Amino acid sequence: MLSVIYAILFYVATILLVVGVAMKIRKYARTPAPLKIPTTPAPTTTGGVVLRMFREVVFFESLFKSNKWIWLFGWAFHMGMWLVLIRHIRYFTYDIWWWVQLAQPFGTYASFAMLGGLLGLWARRILVERIRYITNPSDHLMLALLVAIVGSGMMMRFVVHTDILAVKAFMLGLMRLRIETLPGDPILLVHLGAVAVLMIIFPISKLLHAPGVFFSPSRNQVDNPREVRHIAPWAKKLES
Amino acid sequence: MAADGDDIPKLSHPLEIPKLKCGAMEGLQPFIAAPEHQEKLGFPGELVPNWKEVALAKMAELAEKNRAFQVYLDACVKCGACTDKCHYFLGTGDPKNMPVARQDLLRSVYRRYFTFAGKYFPSLVGARDLTEEVLQEWYSYYHQCSECRRCSVFCPYGIDTAEITMAAREIMDAVGMGQKYSNEIIGKVKDVGNNLGLNPKALAATLEDLEEEIEDDTGISVRLPLDEKGADILLVTPSADFFAEPHIDGLIGYAKVFHEAGVSWTLSSYASEAANFGLFIGSYENMREIALRIRKAAEDLGVKRIIFGECGHAWRVAYSFLNTLAGPFDFLDPKYPVPQHILEFTWNEIQKGTLKFDKSQNDHIKLTYHDSCNVARASRMGDEPGGQFEIPRNVIKAVCNYYYDMDRSTTHESTLCCGGGGGLLTDDLMELRKKGASPRMTALQEVTEEHGVTHMAAICAICKTQFSKVMPAYGYDMDSIVSVHQLVSNAIILTGQDGDDDDSEDETEAA
């Protein structure tokens, strides 16, 4: 019964995540940017823009310029998350890829960076007057959800192990449209339930910053307005 | 708590973060546009009865037409990186002048009507209904943003509050609640050709006076031609350059540079305005209409190049948008970028060695340079990114012996707005202008204490007017703000001029 509920939950969550984000990306991609508005100094070539975007999403360059504390906590959380996600690939492939093997020890301890980052960001929301002012209840809930995911994951990794082979079998089963038995450990159920919730709210929450950053005109435009004429389709119609 | 107009904040550092003063600037609103000014721009004369529906329809339209609007409303995670970056927040302490909070005034309404979370869980995500109070709040705080883009430099997603402010002003215009200052001026450009409403006759007389003045000063006849067909260069400059101080000294500088470079040039009475206030109100259509005047002037006069005078937002519209709004300019000489900045021209001539200077003519001045916000963060000069910082400084150093930069956290891409940009250069917002200038003024005071700096140069008509108005409140003379080409004008030695002591122009600066 539990296995069926979680199986359905994950199918629904996956569909909502994939379809929801795809629809948002389609919307962003189809909405024209009528004017050239890169924040300058900006790269004058497409290659330069790729590099700028790379620095932005890998090093959080602008955030670093802005505020070292937010950068430290935010960057630690996100980079930790990537390592942890890479480590989790092992539960979705029958044979574990060599580079996932390689990331295993890093992915394990990266969870501390994630947790530290989250708690740091949360502390700022409470302690810094300006950030408290701009914080909505949903911002606290998002942090609570992420802390629940990371905390329950760390519990299973470092304190109370679950039957991880059974979990893997369950996930591999889902990918082949079969429902295997999921262990009934409460911590595991919290972990997976919270992950499913995160997947579901992704396309309707501020998590849209992830695809959004790639569509930000102030970061993804090439600084070449004098050389190349930029015009939106709706603006072109004004000319006829 | 109503703020006192004279309580200028004393900052210990230009970027000192104030304690939050909720509601400090709540009551401040600029005058509302009269029906005639509204209608000339194609907006309803006064608040329409069904304003709420109109506003929401406009918001939906903007989300369809402008990716920045859509992405910026969605992507913010409220990290707080921008909260201490706005000069109006630093100067007033009003939390609604923090960039993210300013965006949220509109984002909260967008969420309520256009997102799942806001429709079903409004209080969770800070969504709210569009009410009369919200509209009034928009009118207050979207006229306390100078669209300077400083926040967008520091946002991890590049969210530019200027884009949200422009959208909000567009929505307010659409419901009949426009701002008098910007909309009246746009009307004047459409009627007469410039922000001042200066007609061709008055303009011609002004230019003649200037020619006489230059000849009296130097003994050399330097022309300031108007509407001369067949000239090579069309100079488009802010109309403040025709009458205001120190702007006019900059115009004299351009004329002398053109004279020495031996090029033929002209001003146009039809396009006698570089500034494009269509930008301030976020109206593509109005911005386009104003930009097309420049194209028409260039075609009618048969020029080969277009050069813009010293003006910040004008240069943004010129550099970044002119090709979009009024291009393609394939009828001009392809050897030159369209348009060019006067500083690109002057720096080029300096490098070619066609201009001779006596730098000691500026020795009574110890100088710093204020990077104008829209030049710094929304445009470029020259071929390399960052040319907009280097070229003005190169020119200044070629004509002045004493130059000192202000704190790096307040210059280049991190420059602070003068406090009067983006359609706020109006007396009804004087309190905001004075307070918003305090971070820049504090940075200036630092270099005055450290190096004895006496003057600050700028390349924007708004900066110049704003500083000449607010600098006295900070202990400087109103003529402590100077045009860059005023410095060029002081130092340039015209061919045949007396007292020509032939200083080398590549002499290194003393600083």
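In the predicted model, V54(B), A55(B), K58(B), M59(B) and L62(B) of helix α2(B) meet A167(B), E170(B), I171(B) and A174(B) of helix α9(B), two residues being in contact if their C-beta atoms, placed from the backbone, lie within 7 Å. By class, this contact of α2(B) with α9(B) comprises seven nonpolar, no polar and two charged residues; Ala, Val, Leu, Ile, Met, Phe, Trp, Tyr, Cys and Pro count as nonpolar, Asp, Glu, Lys and Arg as charged, and the others, Gly among them, as polar. Helix α2 spans residues 51-65 and helix α9 residues 161-174 of chain B, and the two pack at an angle of about 140° with their axes 9 Å apart. Axes are lines fitted to C-alpha atoms, for helices over the stretch in contact, and angles run from 0 to 180 degrees between N-to-C directions. The helices α2(B) and α9(B) are therefore oblique to each other, a term for angles that are not under 35 degrees (roughly parallel), over 145 (roughly antiparallel) or 65 to 115 (roughly perpendicular). Helices (H or I, at least four residues) and strands (E, at least two) are DSSP runs, numbered from the N terminus.

Residues are numbered from 1 along each chain as its sequence is written, and chains are lettered from A and ligands numbered from 1 in the order in which they are written. As the model is predicted, local features need pLDDT of at least 70 and side-chain atom pairs count only at pLDDT 80 or more, whereas totals for chains, interfaces and linings use all residues.

The contact between the chains takes 57 residues from chain B and 55 residues from chain A. On the side of chain B that touches chain A, the largest share, six residues, comes from α3(B). The residues of this side divide into 29 nonpolar, 15 polar and 13 charged.

Chain B also holds an open sheet of three strands in the order β5-β6-β7, with parallel pairing; two strands pair if DSSP finds at least two bridges between them. Strands β5 (367-369) and β7 (481-483) of chain B stand at the edges, each with a single partner strand, so one side of each lacks a neighbour in the sheet. The twist averages 35° from one strand to the next. Strand β6(B), residues 455-458, is joined to β7(B) by three bridges, and A457(B) stands opposite V482(B) in β7(B).

Elsewhere, β1(B) and β2(B) (residues 265-267) pair in the parallel sense over three bridges, with W265(B) as the bridge partner of I233(B).
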